[in-house]
Amino acid sequence: MTASKDGASFTNISVEEHFRVAQSNHGGQYVGTEEISTAANALIGRSARLTEALKAAAINVGRKPVETRDLAAIKEVESRATGGNTESGGSITAVANEAVASNKKIGKEDENKIHLGDIFAEIDMKITRDRSVTSEDAEAVVQAELTQPPYNHVIPGGVAECVTAAYRLNRSPSL
């Protein structure tokens, strides 16, 4: 619990990873507000499908250079959306793979690297089959992103977080 300079107190309660309720007490009256994470917020008004989760990630972290863990998550999403081969030259996975290789050659200059938003720009033409996100999809994509060294966390607002948010919106559309 924290207090503001006018004497009001605030309590944040984590309901789910992507949904938070904040309550404030000002003069004995409670006022509640609800906040949704950037991943879930980017999905509001969209169908909670696998490709829509990728689009939400592009909205959230589109200026982030493509890395190996992004590639792993993208490959898992595309494989699950299409039910097929992600290695063909026209796939989002193939484009992401080329982006990772190119970014490794560039070094540390972020402005010259290929960003997630760049590779997701043509997602509707690259992934022509899609389906709603399931809990199994969310778990697999999170696992794919987590298993890439040197990190042991998902990217805030990234692919795994957006797929998880899409699943949670499918499960509870009232969020």
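Modeller: This is a predicted model. Of the 175 residues of the protein, 42% count as buried. The secondary structure comes to 8 helices and 4 strands, and from the N terminus on the elements run β-β-β-β-α-α-α-α-α-α-α-α.

Biologist: Why is Lys64 called buried?

Modeller: The relative accessible area of Lys64 is 16%. Buried means under 20%, so Lys64 is classed as buried. Lys64 lies in the loop between helix H2 (50-61) and H3.

Biologist: Which residues does Lys64 touch, not counting those up to four places away in sequence?

Modeller: They are Asp70, Ile114, His115, Leu116 and Ile155. Each of these pairs counts as a contact because heavy atoms lie within 4.5 Å.

Biologist: What makes H2 mostly covered?

Modeller: Of the 12 residues of H2, 9 are buried. These are Leu50, Thr51, Glu52, Ala53, Leu54, Lys55, Ala56, Ala57 and Val61. Because buried means under 20% relative accessible area, each of these residues falls under that cut-off.

Biologist: What makes a set of residues the largest nonpolar core here, and which have the most contacts inside it?

Modeller: A nonpolar core joins buried residues of the nonpolar kinds through side-chain atoms within 4.5 Å. The largest such set has 32 residues, and those with the most contacts inside it are Leu54, Ile74, Ile119, Phe120, Val159 and Val163. H2, H3, H4, helix H5 (116-120), helix H7 (135-146) and helix H8 (159-171) each supply at least two residues of this core. Leaving aside neighbours within four places in sequence, Ile119 is in contact with Val66, Ile74, Ile92, Val95, Ala96, Ala99 and Ile114.

Biologist: What is the volume of the largest pocket, and which residues are the closest to its centre?

Modeller: The volume is about 220 Å³. Of the 13 lining residues, Val66, Glu67, Thr68, Lys104 and Lys113 are the closest to the centre. Helix H3 (68-82) and helix H4 (92-106) each supply at least two lining residues, and the largest share, 3 residues, comes from H4.

Biologist: How is the lining of the largest pocket made up by class?

Modeller: The lining has 6 nonpolar, 3 polar and 4 charged residues. Lys and Glu count as charged, so Glu67, Lys104 and Lys113 belong to the charged class.

Note on methods:
Residues numbered from 1 in each chain as written. Predicted model: local features only at pLDDT ≥ 70, side-chain atom pairs only at ≥ 80, totals over all residues. Heavy atoms only, no water. 1 Å grid on protein atoms, 1.4 Å probe; cavity = no way out; pocket = protein on both sides within 12 Å on 5 of 7 lines; lining within 4 Å. Points joined across faces, edges and corners; volume = space filled by probe spheres on them. Buried < 20%, exposed > 50% of the residue type's maximum accessible area, 1.4 Å probe, protein only.
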